[in-house]
Amino acid sequence: MRLWDRMRELELVVDAFDTDRRSVDVSSQFTRVTTTVVLSGGGVEGRGEDVTYTAEDHDWFPELEPGGKTTLGAFSADLDSLQLFTGTPGMAASNQYRRWAFESAALDLALRQQKASLGDLVGREYRPVRFVVSTRGGAFGWLEHNPEVELKLDPENDWDRPLMERLAATGRVRVLDFKAYYKGTAVDVVPDPELYRAAVELFPGVVLEDASLEGECGEVLAGLESRLSFDAPVHSVDDVRALPVEPGWLNIKPSRFGALERLLECIEFCDANGIRMYGGGQFELGVGRRHIQVLASLFYPEGPNDVAPSEYNSGEPRAGLPSSPLLPPAAAGL
């Protein structure tokens, strides 16, 4: 039985709807804003986090009319007609991000109303979650405080060979994210075959995420499909099938899929086709961080999961933070 088929008939009672907006000033140029969807019924609450990146897109939020008794599948189907934004959001992916907030809140509420966990529902055991620390410039700082930390790094166009040799010598890098599919953002990296060539040579066995396969860059990566991973281009199983190669890995970010059915379909496709998975985060400020950790615990606990506790997203590298692996969750809900 498909995972979604196990969930769609789950009873759900929605008596009230609310939102909770959070924000953190990351820098003088960027304030991270998220909105938590709060669904209530039967004396309990379910929560899901909208990780839309454009702060202004959180100024208006849809009002959900509580529908009382329903099922998780029917609730999800009703979201097809919910107006998520008043106009075109700053990023096209925001439509999926906002829908995920409603879908995950509904799943969380339904599980709590049944006093069940997601593991109970899908018939899987929770396992400790291995996580990496994702950083653009603080690798050596994190290693100074914790030499055992595992890293996910974003190679940049100004990386030279001596820097890459120093990073490779640490033996702690697990994923290199080339961000070739981001356009018009602060994290864009121009595909550079020399950068790719050095990465392949100096970091053997490291997962290569979102690398361009065009032109000379693609030539550098030919034959390395088992090391390739994709993130930004993937919002459904159809997107995986449309990739120009059969990758060895996939970065699963639940919010990119929007709907639970699409997320679960992709997880099952990867399992059936030998594609290894690891979880990814979206700079969540609230319950969304727990959700990506719970999913990692059930479906891909041993991957290089970019789901480190939120403390890693704030402040400088420092000692005393939770270490990998994370303990499995114990409570009901998502």
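**Cavity and sheet**

Mentor: The structure holds one cavity of 30 Å³ or more. A cavity is a set of points on a 1 Å grid over the protein atoms alone where a 1.4 Å probe fits but cannot get out.
Trainee: What should I know about the source of the model?
Mentor: It is a predicted model: local features need pLDDT of at least 70, side-chain atom pairs count only at pLDDT 80 or more, and totals for chains, interfaces and linings use all residues. Residues are numbered from 1 along each chain as its sequence is written, and side-chain values use heavy atoms, with hydrogens and water left out.
Trainee: What volume does the largest cavity have?
Mentor: About 60 Å³, the space filled by probe spheres set on the points, which are joined across faces, edges and corners.
Trainee: Which residues line the largest cavity?
Mentor: Among them are Glu49, Trp100, Lys253 and Ile292. A lining residue has an atom within 4 Å of a point.
Trainee: How do the residues of that lining divide?
Mentor: Four nonpolar, four polar and three charged. Gly counts as polar here, Trp and Pro as nonpolar.
Trainee: New topic. In what order do the seven strands of the open sheet come?
Mentor: β6-β7-β8-β9-β10-β11-β12, with parallel pairing. Strands are DSSP runs (E, at least two residues), numbered from the N terminus. Two strands pair if DSSP finds at least two bridges between them.
Trainee: Which strands stand at the edges?
Mentor: β6 (133–135) and β12 (276–279); each has a single partner strand, so one side of each is left without a neighbour in the sheet.
Trainee: How many bridges join β8 to β9?
Mentor: Three. Val175 stands opposite Val207 in β9.

Note on methods. 1 Å grid on protein atoms, 1.4 Å probe; cavity = no way out; pocket = protein on both sides within 12 Å on 5 of 7 lines; lining within 4 Å. Helix = DSSP H or I, 4+ residues; strand = E, 2+ residues; numbered from the N terminus.
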